[in-house]
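Reader: I want to learn to read a few features from a model. Please take me through them one by one.

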Amino acid sequence: MVARRTGTIRLHLLCSASTCSRNAVAFASDGSLDSSVREGLSKLPGHLSFFNAVLRSPSLCAGQTAEMLGLEAAVLPQLRDCDFGSWIGLSLEEVRLKAPEGFAVWLRDPRAAPHGGESFVDVARRVGQWMDGLSSNPRSILAISHTSVIRAAIVHALGVGPDSFRHIDIAPLTRAELSAFGERWTFSALVPLKDVR
C-alpha cells in the first residue's frame with residue numbers, strides 16, 4: 001500500500017563498506033569490514049549527521065559501517081541483502097562450474113532463484129513495498145544497506161522492469177539519493193562517500 005504523503009520525503013541509501021569476503025567472492029557472506037576500510041571510515045564520523053532517521057540492514061557489515069561513521073541506526077529487516085541461498089560464499093566461476101544451467105538461467109531471468117534464495121524480482125518487490133509504505137515524516141532518512149537493495153530502489157523509483165536490475169552498478173560506500181512527493185519517486189544521483197572504499 002502506498003503511503004499518503006503531504007510533504008517530500010528524502011531517502012538516501014548508502015551501500016555498506018567492503019568486507020574481506022566481498023573482495024574475494026561474488027556471492028559474499030556477511031562478514032567484518034576490511035581493515036583498510038575501517039581505518040578510512042574512522043575519519044568520517046559526523047559526515048552524515050543531517051538525517052531525521054538512520055536505518056540499517058541487519059547485517060554485520062551494515063552495523064559496522066554505521067558504527068564507524070558514528071551513527072546510531074535502527075535495524076530494518078526489509079533492508080537485508082538478497083538471499084543467494086546455496087551460492088553464498090562462492091565466486092562466479094565456482095557457481096558456473098557447480099550449477100551451469102542454473103547459473104545461465106539466473107543471468108538472463110531476474111525472476112529466477114536457482115540457488116534456493118531470493119530472485120531479483122523478490123528483492124525489488126520487498127524494497128518497493130517498503131519505500132511505498134514510508135510516510136513523509138520523518139522527512140530525511142539514511143538507510144545503510146547493500147547493492148541489491150539499492151539497485152531495487154532505483155528500479156522502483158524509475159518505474160522500469162526487473163530486467164534493468166543488472167544494468168545498475170553500485171560501489172561500496174556509494175549513496176543513492178531518492179525523493180518522493182505524493183506517490184511519485186524520483187532518483188536524483190549516485191554520490192560516493194569521499195574516497196573511502
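Reader: Which backbone atom does the side chain of Thr 65 reach?

Author: A polar contact is a pair of N or O atoms within 3.5 Å; within protein, one must be able to donate a hydrogen and the other to accept it, and residues adjacent in sequence count only if both atoms are side-chain atoms. Here the Thr 65 side chain reaches the backbone nitrogen of Ala 17 at 3.1 Å. This is a predicted model: local features need pLDDT of at least 70, side-chain atom pairs count only at pLDDT 80 or more, and totals for chains, interfaces and linings use all residues. Residues are numbered from 1 along each chain as its sequence is written, and side-chain values use heavy atoms, with hydrogens and water left out.

Reader: Is Thr 65 buried or exposed?

Author: Buried means under 20% relative accessible area, exposed over 50%, partly exposed in between (1.4 Å probe, protein chains only). Thr 65 has 0% relative accessibility, so it counts as buried. Its contacts (heavy atoms within 4.5 Å) include Leu 14, Leu 33 and Ile 144, not counting residues up to four places away in sequence. Thr 65 lies in helix H2. Helices (H or I, at least four residues) and strands (E, at least two) are DSSP runs, numbered from the N terminus.

Reader: How do I read a strand?

Author: In a regular strand the side chains alternate between the two faces of the sheet. Take strand E2, residues 53-56: Ala 53 and Leu 55 point one way, Val 54 and Arg 56 the other, and all are buried.

Reader: Which strands pair with E2?

Author: Two strands pair if DSSP finds at least two bridges between them. E2 pairs with E4 (residues 140-145) in the parallel sense, over four bridges. Leu 55 stands opposite Ala 143 there. E2 also runs parallel to E3 (residues 74-75), joined by two bridges. In E3, Leu 55 has Ala 74 as its bridge partner.

Reader: And the aromatic rings?

Author: A pair of aromatic rings is described by the distance of the centres and the angle of the planes. Rings of Phe, Tyr and Trp (its six-membered ring) pair if their centres lie within 6.5 Å; planes under 30 degrees apart count as stacked, over 60 as edge-to-face and the rest as tilted. This structure holds nine aromatic pairs. Phe 103 and Trp 106 have ring centres 6.0 Å apart and planes at 20°, so they are stacked.

Reader: Where do Phe 103 and Trp 106 sit?

Author: They are three residues apart in helix H4 (residues 100-108), so about one helical turn separates them.
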